[in-house]
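Let's walk through this one together, question by question. Keep the viewer open as you read.

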Amino acid sequence: MYHKEKSIQIKNSASALYNNLCVLRIAPRRLTYFTVVHANVVNMVSASWDGLNYSHRQLQSKEPNVATSTSLIMQAAFCVLTSRDLLVVTSQKGIQMYESDGSIMVYWHALETPETPTEQAVFARGISGVWENYICVGVSSGAMLVFDIPSKGSNITLSEVLHEHSESITDMASECSGSQECIANLVTADDVGNLCVWKSGEEFQLLNKIPGFDMSCSSVKLWKGTVVAGYGTGQIRLYEAVTGILHAEVNAHARWIYSLDIAPFSGLLLSAAEDSLVRVWHLTMTPETNSVEIAHLHNECVTDTQICGAKFCDGDGYAFAVTGYDLSEIIRYVQS
Amino acid sequence: MSSRTLPLLFINLGGEMLYILDQRLRAQNIPADKAKKVMNDIITTMFNKKFLEELFKPQELYSKKALRTVFDRLAHASIMRLNQASMDKLYDLMTMAFKYQVLLCPRPKDILLVSFNHMDAIKDFVKDTPSILSQVDETYQQLVEMYTPLPSGEFQLIRQTLLIFFQDMHIRVSIFLKDKVQSSNGRFVLPTCGPVPHGTQVPGLIRIFSCNGEELTRLQFNNGGNYTAALREGSFEIFGDRVTKLGTNMYSVSRPVETHMSGTSKNSTQHTKVNTAPNPLAKEELNLLARLMGGLEVQKPGNADSGFRVNLFATDEEEEEALISRPDELSYGVINIQATKDQQTNAELAKIMGEFSESGDQSPSASSKGDDLLAMMDGL
């Protein structure tokens, strides 16, 4: 179904972090951006569609307080909003927001870090752009920061802090089908597998809380009102967001899942785990019977590699890219 | 990231170091009483109460450089001496072994079982010496108290923190190559077969449910591997069967401990520059290091008669050759704080290096002391 294409070399190897690959397609300029985190650096590659031009850029984590220790980056993600795209980088010290090409930092939000380290680690992790112009970021305490993003410029403000999760946020995702009909437009996940479903607005509204089973949910997606969640046990579960009804349960991987992605136009699902496998699935919705089905389509094994990031490169799922711990390349696969 | 990583890193690396030294002491036919003294001295130092107190405090991981310095000190806690090349090789083996164990752990919580395997072996080394045994037992208690209540997500954070520490290390270890657990490019073999972790199901089943919770369909898919059901869970108590073999002693007198230096990384520029970049935080780290090592009580080296040298290589010539040919990017840049002409700084440094056995307050956190240490480093 897919075959391997030429890999993109990156300046540093990928660190073992959840969802450690982000892709942004810039159609007007026939470019795709890729971001991969290595310790305290974000490696950004801009690849032209003709495969001839690659340019690299590195973004450092910000350390406002020089006397304290290195600030490791937990995640980097593109947030696609109605009026603009931003690149958000979360670390142990705070949240940095850049223009999507990484050229200018437009905002910095420092986390409250204690003077001497505490048992509970402090960091920001879990990033999502939400309709219409919000960016949500999770914190290790379980708090969620909601930022109001103006259509241009750097006048970004913290709009709300939400406290529904009591454990560290792992990932979050906004409704990616493009449909305005869905009531829920954000799902957030935490380290004990609890999922919160939200409706965005001046004040975010909690629509539903789906309890976890004491197992970390490391990656989550929301598509056509269905939550797709990947867990440390290697299971994938599909829930109806607003009601919490379990549609499907898959014993998908033999190790901890690190990344999920959905191609919104085709309903293809990508899952990747520490077990070296990337799997492609297909989701089908039957609104009449309110059922959701998942079928397995394809496996790719990245030999001797614990995968930490996997993303489709386009909305149809024609191509996808993969990163792995200690690998200094972005591996690409294209439909045959 | 996780502020609970250092104790596990230290205990596991220490455990590997003891396995290797034990093998070398026997391979070199060091007299049993001297060998025992070395092992006892090192273990006593490792489990020194004050040192462990510092270690178990919530803190970020040290840099590779700083941790190497701690292990240098530990390896020289007795009458045994190691040349630079042997110490480098010892550290390579220790780190690659633990990296292997961390990567191969089926689930993050299993790192605790690996730690217990090391602890069990250490306990066995000192089973005839009650005083050291009680120190080891106390550490077991601390480990159980601190780590067993942690949720799986927290263990994964610890694991991710360790993997950042081991990032880009691909030194080829002879025993791993022979056992086919490491391939010739230095990467560890990750099999897509064998038992799944405890708590995970064998991949392959899709279950579809109706709105009222009844199972509608069951489908099987090809999982691309050859997995079997999980084994029983190992014990997280002070005594018990750990089930996993990771962290047990893989060396014996007949299995040599060689490493290959050449071709360790295809692009030497890929080697992370995180530690070698000019670091304004070096001062802070030196202070932490001084506090930590201040607790490392050390026996006086003793007279020249009882001291001896251990070689991690087959011959002295090999050891010399290894020192000359070690690639730059693999040098550890050990912080080698040596005595200087300045009497006062000499005394302070000597104290920090633990050559005085008093356990008085080290209080090295004043910034001027950090400056002195930094100046010493720059001068070397």
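Among the elements covering the buried residues of α7(B) are α1 (6–27), α2 (32–46), α3 (49–56), α6 (110–125) and α8 (152–165) of chain B. The model is predicted, so local features need pLDDT of at least 70 and side-chain atom pairs 80 or more. Residues are numbered from 1 along each chain as its sequence is written.

Q: What distance separates the end C-alpha atoms of helix α7 of chain B?
A: Helices here are DSSP runs (H or I, at least four residues). The expected span is 1.5 Å times one less than the number of residues. For the 18 residues of α7 (residues 130–147) that gives 26 Å, and the end C-alpha atoms agree, being apart by 26 Å.

Q: How do the rings of Phe176(B) and Phe188(B) pair: stacked, tilted or edge-to-face?
A: Rings of Phe, Tyr and Trp (its six-membered ring) pair if their centres lie within 6.5 Å; planes under 30 degrees apart are stacked, over 60 edge-to-face and the rest tilted. These two have centres 5.6 Å apart and planes at 90°, so the pair is edge-to-face.

Q: Is Phe176(B) buried or exposed?
A: Buried means under 20% relative accessible area, exposed over 50%, partly exposed in between (1.4 Å probe, protein chains only). Phe176(B) has 2% relative accessibility, so it counts as buried.

Q: Which ring does the charged end of Lys64(B) sit over?
A: A charge sits over a ring if NZ of Lys or CZ of Arg is within 6 Å of the ring centre and within 35 degrees of the ring normal. At 5.7 Å from the centre, the charged end of Lys64(B) sits over the ring of Phe165(B).

Methods. Chains are lettered from A and ligands numbered from 1 in the order in which they are written. Side-chain values use heavy atoms; hydrogens and water are left out. Helices (H or I, at least four residues) and strands (E, at least two) are DSSP runs, numbered from the N terminus. Contact means heavy atoms within 4.5 Å.
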